[in-house]
Amino acid sequence: LSVMTYDQYTSPNAPGPVAGIAWMEACMRKLLETIPASKLTLGVPLYHRHWTAGRVSTGSWMEAQEWSWKAKAGIVNDSLHEEPVLRFRTAGVDHEIWFQNAGSVRRRIQLAQQLKLRGFSAWRIGQEDPSVWTEGLSAWRTPAMKGGAQ
């Protein structure tokens, strides 16, 4: 069972993480009350959510980077949700973009290991930080992960 532990925040007027680590863990722990860990994979998002002007859109990691460059705004890692976020204002309009990078993906894979899950799955390949494949998946290559990527 691949559990889509993402889209934590989707309301146009309430920005927040795509998949905060504590929220992901709470979702999986609830399922582990009735489903064996060997049958569960942790769903990891590879896209961003962009809140602006009362609407929310979705895009790739690269698009989030481009917003950062255009706005000359720094990306910070939100320590509570363990997810990168970019906040800036252009032409009087506030923007907030939450997304994953190699480090946050690695942390989510570590969560799957910690919970002894079968593995992890990801949505949507092609939208990710390219370094996910070299740095983010480094946790997956350890012997503790039973099933690997699904």
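Q: Before we start, what should I know about the numbering and the pLDDT limits?
A: Residues are numbered from 1 along each chain as its sequence is written, and side-chain values use heavy atoms, with hydrogens and water left out. Because this is a predicted model, local features need pLDDT of at least 70 and side-chain atom pairs count only at pLDDT 80 or more, while totals for chains, interfaces and linings use all residues.

Q: How should I read a nonpolar core, and which residues of the largest one touch the most other members?
A: In soluble globular proteins, nonpolar side chains tend to be buried together. A nonpolar core here is a set of buried Ala, Val, Leu, Ile, Met, Phe, Trp, Tyr and Cys residues joined through side-chain atoms within 4.5 Å; buried means under 20% relative accessible area, exposed over 50%, partly exposed in between (1.4 Å probe, protein chains only). The largest core has 25 residues, and Met28, Leu42, Val105, Leu111, Leu117 and Phe120 touch the most other members. Two or more residues come from each of helix 1, strand 2 (41–45) and helix 3 (102–114), with helix 3 giving the most, four residues. Helices (H or I, at least four residues) and strands (E, at least two) are DSSP runs, numbered from the N terminus. A second, separate core of seven residues includes Trp61, Ala64, Ala73 and Phe88.

Q: Which residues of helix 2 are buried, and where do they fall around its axis?
A: They are Trp61, Ala64, Gln65 and Ser68. Looking down the axis, these buried residues fall within an arc of 100 degrees, so they line one face of helix 2; the arc is that of the directions from the helix axis to the C-beta atoms. Their packing partners are strand 3, strand 4 (55–59), strand 5, strand 6 and strand 7 (93–98), where contact means heavy atoms within 4.5 Å.

Q: Let's zoom in on serine 68: what does it touch?
A: Leaving aside neighbours within four places in sequence, serine 68 is in contact with Ala73, Ile75 and Leu86. Its relative accessible area is 10%, so serine 68 is buried. A polar atom of its side chain lies 2.6 Å from the backbone oxygen of alanine 73.

Q: How do I read an aromatic pair, and what is the angle between the planes of tyrosine 6 and tyrosine 47?
A: A pair of aromatic rings is described by the distance of the centres and the angle of the planes. Rings of Phe, Tyr and Trp (its six-membered ring) pair if their centres lie within 6.5 Å; planes under 30 degrees apart count as stacked, over 60 as edge-to-face and the rest as tilted. The count is two aromatic pairs. For tyrosine 6 and tyrosine 47, the centres are 6.1 Å apart and the planes at 85 degrees, so this pair is edge-to-face. The pair links distant parts of the chain, 41 residues apart.

Q: And which backbone angles deserve a look?
A: Most residues other than glycine have a negative phi, and most peptide bonds are trans. Aspartate 7 has a positive phi near 65 degrees and sits in the loop between strand 1 (2–3) and helix 1 (21–32). Glutamate 82 has a positive phi of about 55 degrees; at 25% relative accessibility, it counts as partly exposed. Lysine 72, which follows helix 2, has a positive phi near 55 degrees. Finally, the peptide bond from tryptophan 123 to arginine 124 is cis, with omega near 25 degrees.

Technical notes:
Polar contact = N/O pair within 3.5 Å; in protein donor to acceptor, adjacent residues only side chain to side chain.
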